[in-house]
Amino acid sequence: MRLVRKVATGDAASRFKSMQANARVIKNYRHKLLDTITASIKEAFADHHEQHQYDMLGYIETLGWIYKDIIRIKDDVEPLFPEDYELTPYMVKAYHRTLNETLRKIVDSNPEAQVLLELHAWIKEYRVSMKELEIPSAWLQPPLLDGKSQDLIEDYVKLIVTKLDEWTVNLVRQETSKFQWRTQEPEQADDGQFGMEGVVDFFQLVNQQCDLALDSNQGAVLARVVNESAKVMRRTQQEWLRVVAEECRFQQEKKPEEVPGGLVEYVIALANDQLKCADYAEALSARLEPLVSAKYKEVISGCLNEAIDGYLDVAKQCTSSLVDFVFNDLKLATKNLITPAWYTDNLLAQIIETMRDYMSDYQAHLNPSIFDILVEDLLDSFSIAYLTALRRSASRSLRMPGAITRIQTDIAAAFDFFTTYKSPEELEKHFEVIDMIVSMLSASSQMVFMDFWTFAKIHGPQLPFVEALMKARDDLDRAVVGDIMETLRRKAREEGIEDPAEPTIMVSWKAAHHLSPAPLTPRSRLQADRLAYCPIYRQYQTSQGYENEQATTPKEYERSETGCSNSQNAGPPCTVHHSILCNPQRDDQSTFALSAPGWVALLGSSDANTSILWNWWSKRAGYKNGRRSNRLSSGLYDSMCTLGVRVVLKLAAYFWETYILWRLMACVKKKCLTLSAI
């Protein structure tokens, strides 16, 4: 039995081994084939990438072999395999996956901007081509670059901005360094105009980037590039404005030996360059606008127009600096205008010769368009300097009528000088304001208003300026000037004369001296009291029916034993008091708190002692009929103006007027109609 079992076991074992030897082995040919196909596709992409590893643009441009392979697969390879192999879908998906991996590597390698733009365009073309090959979108998953191919445009724009910033920073650093150190003269063209190299280089860069953006065939891409380029332009303009202002300040504040020479030449060169930049920007706009739709045309036009305005602003700053160089040399001469030295020295001849010397250099090296602007600026600056001299002239410093003749001679000489650069018709309009001022200066006290009216209709009232002119006339004393100004203020208020809507040279003059209307600040507590009580008294005057009555001038009053009376027309009660309270004749250099007519009105009463005191004081001070006599002995006047007398008179004026005001308010409450109650 054991032998039988043993034989049986051996037979079973041999039969099992025979079954193993004859068993069918699973070959996996299908999977091996597909894996081999996948590896072959990856190898093809790797070989292609290696061939163009230093030329990514060439790599992208030659990716058309993918379409050829897909066509060959559909036409020649697919019929050789069973249908259940689904070879075409498998191979198309393999091509797509491998292509996506390759494109990711390219994007991650920080390629050039043109590569990004070309890649974005090729991906759009890839979608269209696959659709034409009737490749279902389900085979092309995931989309290339995860469907974020538009991010390539953002990356492209960022790269453009980064590169443009780098190039511009380096370029501007070089140009500003040349401008600040000025070790050599700026370049000079055949026509004699100064300039620098950076302008051409910068706009070559900008045009290159715009041409790349045009290759994308996307208006949005071009608009973004133009917008970023315009921002770079504006930053460059701001840097130039800062450098010019700083260098001009150094030129004026530092000693000549501490500042490199040649600033004038370099400012001229910069002004010329800014005009070239504006022309280049305008040409760029004209080239690009027809290539895009209306939507992006507006964006491109707006960005470049803003950049053009910035270039013109820098050019304007340059012309202003060139004019400042002229008047910095003329600082002493213009300061002495309308001073005693003005009557003896021929200051305007010196001013004109200096301007002529500068203008000859400017005309030889400046662009003609900028030179025309410079002439306008110089003309404005000269007018402002002369108007300033008239405005700051000391009291009674204009010796009439000789001063009028001298002013007319100055203006005639300046007119002849500027006719070299402008037509007489244009100059007549510009010098018209000074002619009006001369007319006001030469008019009699009764006729000043007529000339003022002509002046005010064009340039606005300008009352502080006119008052300074009237005070500068030596043929008008303080009281007459006060009468004139009171009339002008009243008429200007009644007629509603305001500053003109269109700016004139007087507006430029006020802006140059920061003369804006300031809030009324009383000079003393006494004047504050006057200002506080004037509206109350006006209400009282209106209630009594005197609102249309005009206050008679102090010179019409004659002194009598019984007080202050008007020999011609008594007028309403309290009219004199009201005119003095609301319109005090004050002056910064005045010795007394009130003018002489003011003392007549305030001291005028039935008190004989007051009358005697006034008569004595007016004789000693040289006043006659409310005016100070020109024959006053300077010794007597000086003795009256000692510090002690001035203090006493000011204190007396304060207490006396406080008392008068208090009694006046009591009178108003009781509705008194005469001064006797006060």
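Reply: A salt bridge is counted where a side-chain nitrogen of Lys or Arg lies within 4 Å of a carboxyl oxygen of Asp or Glu. The model is predicted, so local features need pLDDT of at least 70 and side-chain atom pairs pLDDT 80 or more, whereas totals for chains, interfaces and linings use all residues. Residues are numbered from 1 along each chain as its sequence is written, and side-chain values use heavy atoms, without hydrogens or water.

The whole structure holds three cavities of 30 Å³ or more; a cavity is a set of points on a 1 Å grid, over the protein atoms alone, where a 1.4 Å probe fits but cannot get out, and lining residues have an atom within 4 Å of a point. The largest cavity contains about 200 Å³ of space, the volume being that filled by probe spheres set on the points. Its lining comprises 16 residues, with Gly198, Val199, Thr236, Trp240 and Cys277 nearest the centre. Two or more lining residues come from each of α7 (151-181), α8 (198-215), α9 (219-253) and α10 (263-288), helices being DSSP runs of H or I with at least four residues.

The salt bridges number 21. In one of them, Arg287 meets Asp211 at 3.0 Å, N to O. Because Arg287 lies in α10 and Asp211 in α8, this pair ties together parts 76 residues apart in sequence.

Elsewhere, Glu425, Glu428, Glu432 and Asp435 form a negative surface patch, that is, residues with over 30% relative accessible area and no salt bridge, like charges being joined within 9 Å. Accessible areas follow the Shrake-Rupley method with a 1.4 Å probe. Helices α17 (424-430) and α18 (432-442) each supply at least two of the patch residues.

Methods: Patches are made of residues with over 30% relative accessible area and no salt bridge: like charges are joined within 9 Å, nonpolar side chains (Val, Leu, Ile, Met, Phe, Trp, Tyr) within 5 Å. Lys and Arg count as positive and Asp and Glu as negative; His and the chain ends are not counted. The place of a charge is taken as NZ of Lys, CZ of Arg, CG of Asp or CD of Glu. On a 1 Å grid over the protein atoms alone, a cavity is a set of points where a 1.4 Å probe fits but cannot get out, and a pocket is an open set with protein on both sides within 12 Å along at least five of seven lines; lining residues have an atom within 4 Å of a point.
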